[in-house]
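Please open the model in your viewer and keep the selection panel at hand.

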Amino acid sequence: MIKLYDFPQSPYCQKVRLVLAEKDLSYEKIFVDLMENEQKAPEFLRLNPYGKVPVLVDEDEVIYDSTIINEYLNDEYPHPPLLPPEDSGARARVRTLEDFADNSFTAQGGLLTAELRKPPEQVDQERVQRYRADLGRVLEFLERNLEGKEYMSGTFSLADLALVPRLLQFPKLGVEIPSRLINVLAWSERVKRRPSVKQLQQDLGLV
Ligand SMILES: N[C@@H](CCC(=O)N[C@@H](CS)C(=O)NCC(=O)O)C(=O)O
């Protein structure tokens, strides 16, 4: 059976869980406690020399990095396809957007989370506003990208699934999608109707 070395709050692990669910694959979750630094234990480093989750083990294959895992899952379990099979340009667009999802939210989301974790009297509101504004600019890009499309790359793909964990973090970060971003709002409603996303929200205690 497929094994996923997982930390539930990790958006990278969530990306992989979404793909496993979309493909209706059974798997065993193995909790790696990042708070206890278990990802740097020698036995874990033998699986992933970077000492990071997620790691996926499928029989003899040990795969790390969420993007590579998700491409592996799509190659090995092709139905439903989450990368356009016949069009290399469209596949490149999905990969670019997946990369954008991984990179554009991480720094500011992390800084915002750290700021909001401080005792209320120590929170620097100017920083909070700045980080939220940075995330707002990311949403503006997504709005333009979604023009005339239902999903990030036209058809539903790995790009949408990479963005969902970020979308689900917004309430905790106090980020609201402005009402003028009609494409992002419609996309958000569309992806939240998917059983994979509903399941993840339930697993994370968000609904
Ligand atoms: N590029 C990697 C990033 C994975 C990553 O940064 N995972 C974080 C959790 S969100 C982690 O394991 N951090 C622990 C550490 O760096 O010690 C991927 O997409 O899988």
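Helices (H or I, at least four residues) and strands (E, at least two) are DSSP runs, numbered from the N terminus. Residues are numbered from 1 along each chain as its sequence is written. The model is predicted: local features need pLDDT of at least 70, side-chain atom pairs count only at pLDDT 80 or more, and totals for chains, interfaces and linings use all residues.

**First selection: two loop aspartates.** Select Asp65, in the loop between strand S4 (61-64) and H3. Its phi is near 85°, a positive value in a residue other than glycine. A residue is buried if 20 or more other C-beta atoms, placed from the backbone, lie within 10 Å of its own, exposed if 12 or fewer, and partly exposed in between. Asp65 counts as partly exposed because it has 18 C-beta neighbours inside 10 Å. Next, select Asp24, in the loop between H1 and strand S2 (27-31). Phi of Asp24 is also positive, near 55°, and Asp24 is exposed, with 11 other C-beta atoms within 10 Å.

Most residues other than glycine have a negative phi, and most peptide bonds are trans. Display Val53 and Pro54, which are joined by a cis peptide bond with omega of about 5°. Pro54 lies in the loop between helix H2 (42-47) and strand S3 (55-58). Then move to His79 and Pro80, where the peptide bond is cis with omega near -10°; Pro80 is in the loop between H3 and H4.

Select residues 158-173, the 16 residues of H7. Where does H7 bend? The bend, about 30°, is at Val164, and Pro165 follows within four residues; the angle is taken between axes fitted to the seven residues ending at a position and the seven starting there. Twelve of the 16 residues of H7 are buried, among them Leu161, Arg166 and Gln169. Just after H7, Gly174 takes a positive phi of about 70°.

Highlight Tyr12, Lys15, Val16, Val19 and Leu20 in H1, which meet Ser66, Ile69, Asn70 and Leu73 in H3; contact requires C-beta atoms, placed from the backbone, within 7 Å.

Terms used:
The expected span of a helix is 1.5 Å times one less than its number of residues. Two residues are in contact if their C-beta atoms, placed from the backbone, lie within 7 Å.
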